[in-house]
Amino acid sequence: MNIKDLLLNRGWAGKTISRAETIQRINPLVRQLLDLTWTYQNAVEHMVDGEVADALRLHLKELRMDVGKLCEIVFSCGGVAPTGAGMRSESYPAGDTDDARLAALLALDKAMMAAVEGEKKVEHQMRNRAVLGFVERKTQERMAYLTEELRTR
């Protein structure tokens with residue numbers, strides 16, 4: 001947390017990035033989340049372990065919500081977000097075994113985390129920062145689940 005966050009807590013001072021730049025920066029995150037969503041979908045469809053598949057389905061629901069939240073940022077700035085129309089889970093294979101699928105998902109979630117952390121250095125509007133923080137927390141939860149599941153196998 002930086003000094004500005006501590007002092008202003010709910011407000012913001014200074015210049016934030018423009019709407020056009022916000023669209024430019026958030027759309028790649030939307031695309032990355034869509035790719036992650038379809039990879040999770042593929043993993044769920046091919047997972048042998050039913051309990052793991054059920055847990056991944058819950059994470060998949062949250063992923064879809066994250067996509068919607070980021071799309072809303074783009075829409076509120078007057079932009080057009082990627083929709084994922086035409087995407088199919090078979091285009092996003094996650095591996096041939098349950099362990100390989102979990103490892104692939106973990107690698108993609110780590111890449112998502114790196115992308116979201118990179119946005120923390122940008123002067124986004126407060127509401128956008130809050131959404132990015134939410135996406136970050138959900139990504140951490142998925143990574144924790146995947147790490148633990150892989151550790152116990």
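R25 is partly exposed, because its relative accessibility is 29%. Keep in mind that this is a predicted model. R25 has a partner: its side chain meets that of E119 in a salt bridge, at 2.9 Å from N to O. The two come from distant parts of the chain, with R25 in helix 2 (residues 19-46) and E119 in helix 4 (residues 98-119), 94 residues apart. E119 has a relative accessibility of 8%, so E119 counts as buried.

Why might such side chains come together? Side chains of opposite charge can pair when their charged atoms come close. A search of the whole structure finds 13 salt bridges.

Next, R142. R142 forms a salt bridge with D109, where the closest N and O atoms are 2.9 Å apart. R142 is in helix 5 and D109 in helix 4, so this pair ties together parts 33 residues apart in sequence. Both R142 and D109 are buried. The side chain of R142 also meets that of D66 in a salt bridge, at 3.7 Å from N to O. That pair links helix 5 to helix 3, across 76 residues. D66 is buried, at a relative accessible area of 0%.

Now the two helices themselves. The axes of helix 3 (residues 50-76) and helix 5 (residues 126-151) come within 10 Å and cross at roughly 165°. The two helices are therefore roughly antiparallel. The crossing of helix 3 past helix 5 is left-handed. Residues making the contact include D66 of helix 3 and R142 of helix 5. By class, the contact has twelve nonpolar, three polar and eight charged residues.

Last item: D49, D99, E149 and R153 are linked in a network of salt bridges.

Terms used:
Residues are numbered from 1 along each chain as its sequence is written. This is a predicted model: local features need pLDDT of at least 70, side-chain atom pairs count only at pLDDT 80 or more; totals for chains, interfaces and linings use all residues. Side-chain values use heavy atoms; hydrogens and water are left out. Axes are lines fitted to C-alpha atoms, for helices over the stretch in contact, and angles run from 0 to 180 degrees between N-to-C directions. Helices (H or I, at least four residues) and strands (E, at least two) are DSSP runs, numbered from the N terminus. Angles under 35 degrees count as roughly parallel, over 145 as roughly antiparallel, 65 to 115 as roughly perpendicular and the rest as oblique. A crossing is left-handed if the near helix is turned anticlockwise from the far one by less than a right angle, and right-handed if clockwise. Contact means heavy atoms within 4.5 Å. Ala, Val, Leu, Ile, Met, Phe, Trp, Tyr, Cys and Pro count as nonpolar, Asp, Glu, Lys and Arg as charged, and the others, Gly among them, as polar. A salt bridge is a side-chain nitrogen of Lys or Arg within 4 Å of a carboxyl oxygen of Asp or Glu. Buried means under 20% relative accessible area, exposed over 50%, partly exposed in between (1.4 Å probe, protein chains only).
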